[in-house]
Amino acid sequence: MAKNIEKMSADEILVVSKKLFYGGFCLLPFLWVYNLLYVWPVRNRSDISPQVRHYLMMSAILATGMFVVFSVWFGIFVNQRLGWGVAGDNLTVVLVKGV
């Protein structure tokens with residue numbers, strides 16, 4: 001069970017935010033979104049380090065960027081898969097029968 005962020009000290013919040021931020025680089029970009037959702041309620045506390053706000057801002061930018069990259073890839077893949085022949089079939093997890 002997650003610890004209530006409202007009860008954490010500023011140093012603990014910084015450590016959690018930093019771990020979630022760097023964890024997103026391990027091909028887990030949903031951690032950037034989780035970082036935003038989890039730490040956002042306490043971002044304006046007076047004892048919070050400016051580094052926390054930096055990690056939140058960078059998490060928002062990177063999560064948005066990865067969403068755009070994945071969306072573009074999905075759009076290209078869906079529209080061009082049949083034209084790629086065998087390579088498109090090899091990239092497909094579930095082949096649609098009859099196409």
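Phe-77 counts as buried, because its relative accessibility is 14% and buried means under 20% relative accessible area, with exposed meaning over 50% and partly exposed in between (1.4 Å probe, protein chains only). The structure is a predicted model, in which local features need pLDDT of at least 70 and side-chain atom pairs count only at pLDDT 80 or more, whereas totals for chains, interfaces and linings use all residues. Residues are numbered from 1 along each chain as its sequence is written, and side-chain values use heavy atoms, with hydrogens and water left out.

A pair of aromatic rings is described by the distance of the centres and the angle of the planes. Rings of Phe, Tyr and Trp (its six-membered ring) pair if their centres lie within 6.5 Å, and planes under 30 degrees apart count as stacked, over 60 as edge-to-face and the rest as tilted. By this rule the count comes to ten aromatic pairs. One of them joins Phe-21 and Tyr-55, whose ring centres are 5.3 Å apart and whose planes stand at 40°, so the pair is tilted. This pair links distant parts of the chain, since Phe-21 lies in helix α1 (residues 10-23) and Tyr-55 in helix α3, 34 residues apart; helices are DSSP runs (H or I, at least four residues), numbered from the N terminus. Phe-21 is buried at a relative accessible area of 7%, and Tyr-55 is likewise buried at 8%. The rings of Phe-77 and Trp-84 are also tilted, with centres 5.9 Å apart and planes at 55°, and Trp-84 is partly exposed, with a relative accessible area of 32%. Phe-21 and Tyr-55 belong, together with Tyr-22, Phe-25 and Trp-32, to one aromatic cluster.

Trp-84 also takes part in a nonpolar surface patch of about 690 Å², made with Phe-67, Val-68, Val-72, Trp-73, Ile-76 and Leu-91. Patches are made of residues with over 30% relative accessible area and no salt bridge, nonpolar side chains (Val, Leu, Ile, Met, Phe, Trp, Tyr) being joined within 5 Å and like charges within 9 Å. Helix α3 (residues 50-80) gives the most to this patch, with five residues. Phe-67 lies in helix α3 and is exposed, with a relative accessible area of 59%.

Two salt bridges are counted, each a side-chain nitrogen of Lys or Arg within 4 Å of a carboxyl oxygen of Asp or Glu. In one of them, Arg-81 and Asp-89 meet at 3.1 Å, N to O; Arg-81 counts as buried at 13% relative accessibility, whereas Asp-89 is partly exposed at 34%.

Notes:
Accessible areas come from the Shrake-Rupley method with a 1.4 Å probe; for residues, only the protein chains shown count as cover. Helices (H or I, at least four residues) and strands (E, at least two) are DSSP runs, numbered from the N terminus.
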